[in-house]
Every structure is written in C-alpha cells, then in structure tokens.
Amino acid sequence: MKTTAKLRVALFFGGVSSEHEVSCVSASAWLRALGQSPCAEQYEAFPVGITKDGRWLACHPTPEAMADGSWEQGDCTPCILSPDRRDHGLWLLKDGKAELVRIDICAPVMHGKNGEDGTIQGLFQLAQIPFVGCDATSSGSCMDKAVTNAVADAFGIDQAKWCSFTKYEYRKDTEKCIKSAVEKLGFPIFVKPANAGSSVGVNKANDLESLKDAVQIAFTHDEKVIIEEFIDGRELEVAVFGYDAPIASYVGEIEPAAEFYDYDDKYVNGTSKLYIPARITDQESDRIRETALRAYQALGCKGLSRVDFFLAKDGSVILNEINTLPGFTSISMYPKLMEHLGMSQEYLVDKLIEQAMENAART
C-alpha cells in the first residue's frame, strides 16, 4: 500500500447462507493475513459477523474463534451499515445509544446467498464505501448459473448443454420439465440450485427417479434449478485477479476423491488431490487461461474470481462456473493458485485491498 494512513477494514463474515461455516473459516484466514501482511501496521481490522439468523455483530475475535464459530459468545455489539453516504460507516448500537464508526473499505469474505450474490455489494455501493471484489451486478450474474450460462452463450464461450426451470414451472408441469431435460441432455446429468456455491445441493442423476430426487434437493436451496449434461473430463480451475487488466494464474487441476468435487471434498475431508500446475499441455493451459479471462470480463468481474472448467476428452474447454468470492481456507484452490504465482495470502490480501481502493478512487 502506498499510503501511510491507517485503513479501517470492515471484515464481513458468516451470513444467512448454507455456506456460513465456510465463510467463517475463510474470514479467519483473512484476519490472520491482515495481521501478518507486509502492511499490517497500516490496517485496523474491524470484524463484523453475521449470524445464521441475520444479526449483525461487531466483534473482536481471534482467527481461531472466528473459524470455529465461538466468536458469537465473545464481546459482540449489534450494528448496522448505514446506506447514507455521509456516514460512510457502521452504527454501533449499545446501551440505548448509537455510535458511528467510519469504515474505509469493506471486505465481504462471504460465500453463497446474502453475501456472494450481490445483495451486500449493493449495500456497499449505496453507502459508497469501497469494497473488495465484484460489484452487485457481476456478483448476481455469476451467482445465478442460468444467467452465467446465458452470458457465456452470448459471448461464444463453450459450456455444457443445459436447461433451467423454476419451482413454479416444475410444480405446474413436472413431467414436461423432466421430459424436456432428458430429451435435451440424456443421462447422466447434473442437477444444481441456480443460486448456490461450494457444490451445495448438487447431485448427479443417472435415471428418472434419481433426477426427480435431485431436483427436489436442489429446490430446498433455491427457487430455480439448472440441469447440465455430464462432461467426462478433467476438472480445472484458474484464479483471476485484477480490474481493468486482470491476470490469470496457472491452471490448477482437481482429482476428486468422491464421484465429483462436492462440498465435503472442498471443505471437510480435503481428500481430493490438487495439482498446480495441471497435468495438461502448454497449449491447453494457454487456451484455458485465455478463456478464463474472457469469461471474467464478459461477466464484468472485478478484483478476484475463480473460473472453473472441464477439459473434455475430445480436447474441448468447457466453462463450468465462476465463483466471485472463492474460498480462502487452507485447502482452497484460489489462494493456492495465487501462491504459485508468488503471492502469499498476506501479500494477496494486501493487493486486493490496494486495488479495490484504487478502483474506487477512479470510479
């Protein structure tokens, strides 16, 4: 960071999301990195935990308490983020009084709904407080897999064949929805909530019975589902970093321990094998990195995103999804890929904050 002034960084974590626990672990890595950053003396971390029932609490946890969820039993003060641009901060509510705390920048280390879908980013934009990561529009577009796929189609970015329907449409004519999906995609196919991350609610269906079961599970997480053809290929990921001139990391490869790279494999078991760089040719790597940048810019991403692909057996590069707030846990691919570029988590967090401040200053 070029400035010598201390920055108050509001670190948002938790949230009303099926990925609440993962967010707490990712945010603990951020909190630790802020304290160990080359510019640590220039930061004042201001953690704001959001409980599963939606309470906003200013708190002062250790990284360990943040990660294991015990932060809620610590010293917490109810707070709200003011949308009034003159306030430029949070109101702390204690003992019948309100105290304004000015915030210089927000870091929403939140995954899934109500954190990664553009909702909290829209609040930051209303308040005109700089923040790390994608804006409300790109966050929402990438969170909704049907929208992501539609944009990718428009930009000529290859992806799996897909279809989508809402809970209302499914209830109105279940057989029509199922029949159209099977006729277009065949078996096996993947069923996903349109708006969820970390493979939450994702299932592979091999027949009509398992397809209907998978759809019901997906609808417990979102009002819309997306169904995609099965791609037999390698699972590859690229970390993209930056604003006007983003850069793409080396390609990473995942060898899932389960049938596919699911939530437990990503955050609980950690038994999948990760290869950085991926076991592919230089030509394949170049195509995938180039496509990652095209997709990142087509969706209007800013700051950071992880772009996921399949490399099919016929050599096709197939876009899977874009994750605008990728995990920062010890087994998460995004920080591992950036570390392979020579950016430690401490340095990465510093650069994310620096670039977000610079972007805010010129917009």
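Trainee: How many helices and strands are there in the chain?

Mentor: This is a predicted model, in which local features need pLDDT of at least 70 and side-chain atom pairs count only at pLDDT 80 or more, while totals for chains, interfaces and linings use all residues. Residues are numbered from 1 along each chain as its sequence is written, and side-chain values use heavy atoms, with hydrogens and water left out. Elements are DSSP runs numbered from the N terminus, helices being H or I of at least four residues and strands E of at least two. The chain has 12 helices and 16 strands.

Trainee: What is the radius of gyration of the chain?

Mentor: The radius is taken over C-alpha atoms, and the globule rule is 2.2 Å times the number of residues to the power 0.38. For 363 residues that rule gives 21 Å, and the chain is close to it, so it is as compact as a globular protein of that length. The radius of gyration is 21 Å.

Trainee: Which residues touch the most other members of the largest nonpolar core?

Mentor: Such a core is a set of buried Ala, Val, Leu, Ile, Met, Phe, Trp, Tyr and Cys residues joined through side-chain atoms within 4.5 Å, where buried means under 20% relative accessible area with a 1.4 Å probe, protein chains only. The core holds 37 residues, and the three are Trp30, Val132 and Ile353.

Trainee: Which element gives the largest share of this core?

Mentor: Elements giving two or more residues include β1 (7-14), α1 (20-36) and α12 (345-362). The largest share is 7 residues, and the element is α1.

Technical notes:
Buried means under 20% relative accessible area, exposed over 50%, partly exposed in between (1.4 Å probe, protein chains only).
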